[in-house]
Amino acid sequence: MFASLAFKATRFFFLQAVLLCIFYFPFLSGEASFFFEDITHFFEPLCRYLGDSFRHGHLPLWNPYNYCGMSQAAISSPGIFYPPNLIFAILPFSAALATLMLFSQCVAGLGVFLLIMSLSWGELAAITGGIIVALSGYMFSFSNNYTLVSAASWLPLLFFSISSIK
């Protein structure tokens, strides 16, 4: 039973990842960029600082570039303790943000898929629900504050985990 669900969930995860890679391809390939609104003036400098700090092997607890110095650990967005933010140390900003958005949407879709499968509504309902959530307007419209999407993407998986406790 569990092996079958794990196989179906893995297959679904990769299916939605392929769909989202098609959408995010211009950003992943460097043909397009996320420079607009809050991204340009708030997130890009912070993410660049996080990426540079991680790349040089230290935890950026203090940011000397903001307001003559301030605690980076106290800023919840972008969080230095959120492991997917390590992607900013590896990729350029737009490609890293596209990868993070793609990952968040896949996690949300997978969580809904697993939650619906655990409710025994069937695989078609689970696929439909997962795709609807992963490709919803909320997931795409908040790229200018991607941390909201990152936080919300874990909720369906959290609900699935809670429902699985017996």
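## Briefing on the predicted chain

Ile 131 has its place in helix H4, residues 123-134 (helices are DSSP runs of H or I with at least four residues, strands are runs of E with at least two, and both are numbered from the N terminus). This is a predicted model, in which local features need pLDDT of at least 70 and side-chain atom pairs count only at pLDDT 80 or more, while totals for chains, interfaces and linings use all residues. Residues are numbered from 1 along each chain as its sequence is written, and side-chain values use heavy atoms, with hydrogens and water left out. The chain has 7 helices and 2 strands, and their order along the sequence is α-α-β-β-α-α-α-α-α.

**Overall dimensions and surface**

- Taken along the principal axes, the box filled by the C-alpha atoms is roughly 55 × 40 × 25 Å.
- Of the 166 residues, 44% count as buried (buried means under 20% relative accessible area, exposed over 50%, and partly exposed in between, with a 1.4 Å probe and protein chains only).
- The accessible surface of the chain is about 9,100 Å², and carbon and sulfur atoms account for 73% of this surface (areas come from the Shrake-Rupley method with a 1.4 Å probe, and for residues only the protein chains shown count as cover).
- Among contacts between residues at least 6 apart in sequence, 63% join residues at least 24 apart (contact means heavy atoms within 4.5 Å).
- The chain carries 5 positive and 6 negative side chains, and the centres of the two sets are 17 Å apart (Lys and Arg count as positive, Asp and Glu as negative, and His and the chain ends are not counted; each charge is placed at NZ of Lys, CZ of Arg, CG of Asp or CD of Glu).

**Salt bridges**

- The structure holds 4 salt bridges (a side-chain nitrogen of Lys or Arg within 4 Å of a carboxyl oxygen of Asp or Glu).
- One of them pairs Lys 8 with Glu 123, with 3.8 Å between the closest N and O atoms. This pair links distant parts of the chain, since Lys 8 is in helix H1 and Glu 123 in helix H4, 115 residues apart.
- Glu 123 also meets Arg 11 in a salt bridge, at 2.4 Å from N to O. Here too distant parts of the chain are linked, with Glu 123 in helix H4 and Arg 11 in helix H1, 112 residues apart.
- Lys 8 is partly exposed at 23% relative accessible area, Glu 123 is partly exposed at 24%, and Arg 11 is partly exposed at 41%.
- Arg 48 and Glu 44 form a further salt bridge, their closest N and O atoms being 2.3 Å apart. Because they are 4 residues apart in helix H2, Arg 48 and Glu 44 are separated by about one helical turn.
- Arg 48 is partly exposed, with a relative accessible area of 47%, whereas Glu 44 is buried at 10%.

**Helix residues and a nonpolar patch**

- Ile 131 is buried, with a relative accessible area of 19%. Leaving out residues up to four places away in sequence, Ile 131 touches Phe 12, Gln 16 and Leu 19.
- Between Ile 131 and Phe 113, 18 residues apart along the chain, the C-alpha separation is 8.4 Å.
- Leu 15, Val 18, Leu 19, Ile 22 and Leu 135 form a nonpolar surface patch with about 440 Å² of accessible area together (patches consist of residues with over 30% relative accessible area and no salt bridge, like charges being joined within 9 Å and nonpolar side chains, namely Val, Leu, Ile, Met, Phe, Trp and Tyr, within 5 Å).
- Ile 22, a member of this patch, lies in helix H1, residues 2-29, and is exposed at 60% relative accessible area.
- Ser 53 lies in helix H2, residues 37-55, and is buried at 3% relative accessible area. Apart from neighbours within four places in sequence, Ser 53 is in contact with His 58 and Pro 60.

**Backbone features in the loops**

- The peptide bond from Ser 77 to Pro 78 is cis, with omega near 0°. Pro 78 is located in the loop between strand E2 (70-71) and helix H3 (93-118).
- Tyr 67 is not a glycine, yet has a positive phi of about 50°. Tyr 67 sits in the loop between strand E1 (62-63) and E2, and counts as exposed at 71% relative accessibility.
- Ser 120, also a residue other than glycine, has a positive phi near 60°. Ser 120 lies in the loop between H3 and H4 and is exposed, with a relative accessible area of 64%.
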